[in-house]
Amino acid sequence: MKLYGYWRSSCSWRVRIALNLKELEYTYVPVHLVKNGGEQHSPSYLAKNPQGQVPTLELASGVSLAQSIAIIEFIEEIKPNPSLFPADRLERARARQMAQIVNAGIQPLQNLSILQHIERLGQDKLDWGQHYIQKGLEDLNTLAIQSSTPFLIGSYPTVADLCLVPQLYNARRFKCNLESVPRLLEIEHNCAQLEAFINAHPDNQPDAQ
Ligand SMILES: N[C@@H](CCC(=O)N[C@@H](CS)C(=O)NCC(=O)O)C(=O)O
């Protein structure tokens, strides 16, 4: 398998954690999102992912899959253990709810192409991104304080934690106030102890700058 990604792309990072937790081998192929206007817009990359975004997972058969959550669910199906989705139906739904707060409610609003457009409209992209990240993470923190488990849902990392950790990194880049999300920081700390998370960190990628 090949994973097309970018060192500090939060969506690529989610998939790297999933592959590491599942101990699945993959070849990492960096796609520079900024150099020369962004390699994600090159015809050869668009042939793999017409949305021009990372991550893309290319299977040995040559078939390409995109959208990090769809990729994580695919990985879960090919290697169910350790599971990234709780066994209990309600807990599973809550893990998905938390993942989607980040995946649907935060990350798309602070993605590179959105910020580039905000800038073209003459608006302050840092203020825009910060506003939505802050609000989304505070909402997630409110849900997370309902339990005191080591991870967002239970004793093992789930898809929700895979979304949380990279989003907190982005929050720091946007200078959000993380003092208002102490429970999320506690969970981030627990994730940071695990090798799968350490190896997936942007600083540990071959294209880190
Ligand atoms: N929902 C998609 C979002 C993918 C996405 O926004 N990727 C970003 C990096 S995290 C990207 O490729 N941005 C490049 C651009 O906007 O040109 C996913 O979960 O994979």
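The legends below describe several close-up views of one predicted model.

Residue numbers start from 1 along each chain as its sequence is written. Because the model is predicted, local features need pLDDT of at least 70 and side-chain atom pairs count only at pLDDT 80 or more, whereas totals for chains, interfaces and linings use all residues, and side-chain values use heavy atoms, with hydrogens and water left out.

**View 1. The two domains of the protein chain.** The protein chain is divided into domain 1 (2–82 + 197–204) and domain 2 (89–195), with bounds that come from an automatic or database domain assignment. Between the C-alpha centres of domain 1 and domain 2 there are 19 Å. Where the domains meet, 21 residues of domain 1 are in contact with 22 residues of domain 2, contact being defined as heavy atoms within 4.5 Å.

View 2. The volume of the largest pocket is about 820 Å³. Grid points are joined across faces, edges and corners, and a volume is the space filled by probe spheres set on the points. The lining of the largest pocket consists of 33 residues, of which Leu-33, Gln-107, Gln-110, Asn-111 and Leu-112 are the closest to the centre. Both domain 1 and domain 2 take part, each with at least three residues in the lining. Among the helices, α1 (10–21), α5 (112–120), α6 (125–144) and α7 (159–173) each supply at least two lining residues, and α5 gives the most, with five residues. Helices (H or I, at least four residues) and strands (E, at least two) are DSSP runs, numbered from the N terminus. Sorted by class, the lining has 13 nonpolar, 17 polar and three charged residues; here Ala, Val, Leu, Ile, Met, Phe, Trp, Tyr, Cys and Pro count as nonpolar, Asp, Glu, Lys and Arg as charged, and the others, Gly among them, as polar.

**View 3. Glu-73 in helix α3.** Glu-73 sits in helix α3 (residues 68–78). With a relative accessible area of 29%, Glu-73 is partly exposed, a class that lies between buried (under 20% relative accessible area) and exposed (over 50%), as found with a 1.4 Å probe on protein chains only. When its neighbours within four places in sequence are left aside, Glu-73 is in contact with Phe-85 and Arg-96. Val-159 is 86 residues from Glu-73 in sequence, yet their C-alpha atoms are 8.9 Å apart in space.

**View 4. Cysteines without a disulfide.** A disulfide is a covalent bond between the sulfur atoms of two cysteines. Counting as a disulfide any pair of cysteine sulfur atoms within 2.5 Å, a search of the whole structure finds zero. For Cys-11, the closest cysteine sulfur is that of Cys-163, at 7.9 Å, which is too far for a bond. Cys-176 is likewise in no disulfide, and the nearest cysteine sulfur, that of Cys-11, is 16 Å away. Cys-11 is buried, with a relative accessible area of 9%, and Cys-176 also counts as buried, at 12% relative accessibility.

**View 5. Two cis peptide bonds in loops.** Val-54 and Pro-55 are joined by a cis peptide bond with omega of about 10°, and Pro-55 belongs to the loop between α2 (43–46) and β3 (56–58). A cis peptide bond also runs from Asn-81 to Pro-82, with omega near -5°, and Pro-82 is placed in the loop between α3 and α4 (89–103).

View 6. Although Glu-23 is not a glycine, its phi is positive, at about 55°. Glu-23 lies in the loop between α1 and β2 (27–30) and counts as exposed, at 66% relative accessibility. Lys-175, which is not a glycine either, has a positive phi of about 55°; Lys-175 is found in the loop between α7 and α8 (182–191) and is exposed, with a relative accessible area of 62%.

How values were computed. On a 1 Å grid over the protein atoms alone, a cavity is a set of points where a 1.4 Å probe fits but cannot get out, and a pocket is an open set with protein on both sides within 12 Å along at least five of seven lines; lining residues have an atom within 4 Å of a point.
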